[in-house]
Every structure is written in structure tokens, then in C-alpha cells.
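Got your viewer open and ready? Here is a short walk through the model, one selection at a time.

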Amino acid sequence: VQTCALPICNAIFSRWPILEAHSVPLPVAYDWFYDAQKRTGGRQAILARLDVQGKQMGVVCTHLENRTTPEGRCRQLRFLLEEVDRAFPGLPVILGGDLNTCGFHGGDKEAMKQLAVDAGFSARHRSAPEELEPGLVLARQCGFAAVPPLDAAGDTVITRRKPVSGGNLFLRVDWLLLRGMDIHSFSVLSTEKKDFSWAVPGCALDSFRGTELSDHNAIFAICALP
């Protein structure tokens, strides 16, 4: 029997001083120990309080469960938002990460195959993801604005290329959720090699021979504190 620790997939990097940081375990929505992968541990979130030129703000990085229902992810996010209120009362907050807002149970492989060819689901997921994931509605009710915006649509907001039989299932699962901040602009940066026009000539990406750095794209936002 092989076991492995749950991969460390959360991190916060800051050019501003980190005043304090801690991690919290999320409610268990799927026990990976009994999965074929035999993972130990559980999904967590990292919370940090920053000093940005004399102003404090909170930053959160998390990774919600994919092998659960949208309601299961909503329960995890509700727990985390309550922890954010305790840790950063009244402060501006950036909460980001892979929220796995796929709109279905990520362990249902047959459903994924069907959805990969279901144009109706794909269009609904791209244009109105909150109709499939109650956690996004909850975040908005708690005062968080989503980046990319919930009403954005099209290929420019796709953040995940999930391999399935016969191709990829294109999803919106990665988000920045912002509270108490002004959003000036945002962009979704493709991690596919063919889109590396932004790479600086002579950098390490020039020698990269794979098709993609990641099956997730990156989200950027330019924001301002009050």
C-alpha cells in the first residue's frame, strides 16, 4: 500500500511585511485516505495579515475540495469566510485560490465525459457560474466581489483545462474574491506555451518544451485600498 501526503498547494508571497499568519483546516468534504491515491492530511487555508504602507489587510489562499458536490464546497467556503471575519474584522481582504467551482461532483468521471460534449452546460458554466455553485453566491452576499466578474463570459475567463476522454473540459474554477477594495482591472493569463508572447526574451520559458506550464491559468488584478 502506498501513501502520500496531501500536496502543498497553498502559498502566499508578499512584497509587504507579513505581520502574522496561520493556517486552518477546512471541513472534510472527501476523505482522500480511502481513495486510490491514499492521501493523508486534508485541505487547508492560509491566512495572513499584511502591512501595506501603514494600512493593514488580510490575504487568504485556499484550495476547496473537487470531489464533493457544489453544496459541499459551499460549506467549506462558509467556514472559511467565518474564519476571515474572526481574523480580519473590518479589514480589506483578498481571498484567492482554486475553489474548484466546476458545478458538479469532481469524482463523477461519467458526468465529466457527458459535460465535455454538453454545449448547454459549458455555456451556462462560463456565463453564470453562480447558478451552479452556491458558494459564489454566498461570497457575494458576504461582501466579496469576484475576479473575474461573475457575469463575464467567453474564453477569456476560462481558468482550467481539465483533461477528459476526447479532449479538455474548459472550466472556471480559480478566483480572486475581494472585500473592501477597488478593482481597477483584471486579466487571465494563459499558461499554454503557444501563448507565451509575454515572456521576456532569453528567460527560462524560452527553453520550456512542454505544451503548458499548468492546466490552470493565472489571474491578475490591479486593486486599490480605500
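Start by selecting phenylalanine 88. Leaving aside neighbours within four places in sequence, phenylalanine 88 is in contact with Glu20, Leu47, Ala48, Arg49, Gly58, Val59, Val60, Val93 and Arg179 (contact means heavy atoms within 4.5 Å).

Some ground rules before you move on. This is a predicted model, where local features need pLDDT of at least 70 and side-chain atom pairs count only at pLDDT 80 or more, while totals for chains, interfaces and linings use all residues. Residues are numbered from 1 along each chain as its sequence is written, and side-chain values use heavy atoms, with hydrogens and water left out.

Next, colour the largest nonpolar core. It has 25 residues, and Leu47, Val60, Leu80, Val84, Phe88, Leu95 and Leu177 have the most contacts inside it. A nonpolar core here is a set of buried Ala, Val, Leu, Ile, Met, Phe, Trp, Tyr and Cys residues joined through side-chain atoms within 4.5 Å; buried means under 20% relative accessible area, exposed over 50%, and partly exposed in between (1.4 Å probe, protein chains only). The elements giving two or more residues to this core are β4 (44–52), α1, β6 (93–98), α4 and β10 (174–179). Helices (H or I, at least four residues) and strands (E, at least two) are DSSP runs, numbered from the N terminus. The top giver to this core is α1, with 6 residues. There is also a second, separate core of 12 residues, which includes Ala48, Val52, Met57 and Met181.

Stay on helix α1 and pick glutamine 76. Is glutamine 76 buried or exposed? Glutamine 76 is buried, with a relative accessible area of 2%. Setting aside neighbours within four places in sequence, glutamine 76 touches Leu26, Pro27, Ala29, Leu64 and Glu65.

The structure holds 1 cavity of 30 Å³ or more. On a 1 Å grid over the protein atoms alone, a cavity is a set of points where a 1.4 Å probe fits but cannot get out, a pocket is an open set with protein on both sides within 12 Å along at least five of seven lines, and lining residues have an atom within 4 Å of a point. Grid points are joined across faces, edges and corners, and a volume is the space filled by probe spheres set on the points. To find the largest cavity, select Leu64, Arg73, Cys74, Leu77, Leu99, Thr101, Glu133, Gly135 and Leu136, which line it. Two or more lining residues come from each of α1 (70–87) and α4 (134–141).

For an open site, go to the second largest pocket, with a volume of about 150 Å³. Of its 17 lining residues, Val28, Tyr30, Gly41, Gly42 and Arg43 lie nearest its centre.

Helix α2 (residues 109–116) is the next stop, where Ala111, Met112 and Leu115 are buried. Down the axis of α2, the buried residues fall within an arc of 100°, so they line one face of the helix (the arc is that of the directions from the helix axis to the C-beta atoms). Lys109 and Gln114, on the other side of α2, are exposed.

Finish with some backbone details. Most residues other than glycine have a negative phi, and most peptide bonds are trans. The bond from valine 147 to proline 148 is cis, with omega near 0°. Glutamine 53 has a positive phi near 50° and is exposed, at 69% relative accessible area. Asparagine 100 also has phi near 50°, but asparagine 100 counts as buried at 10%.
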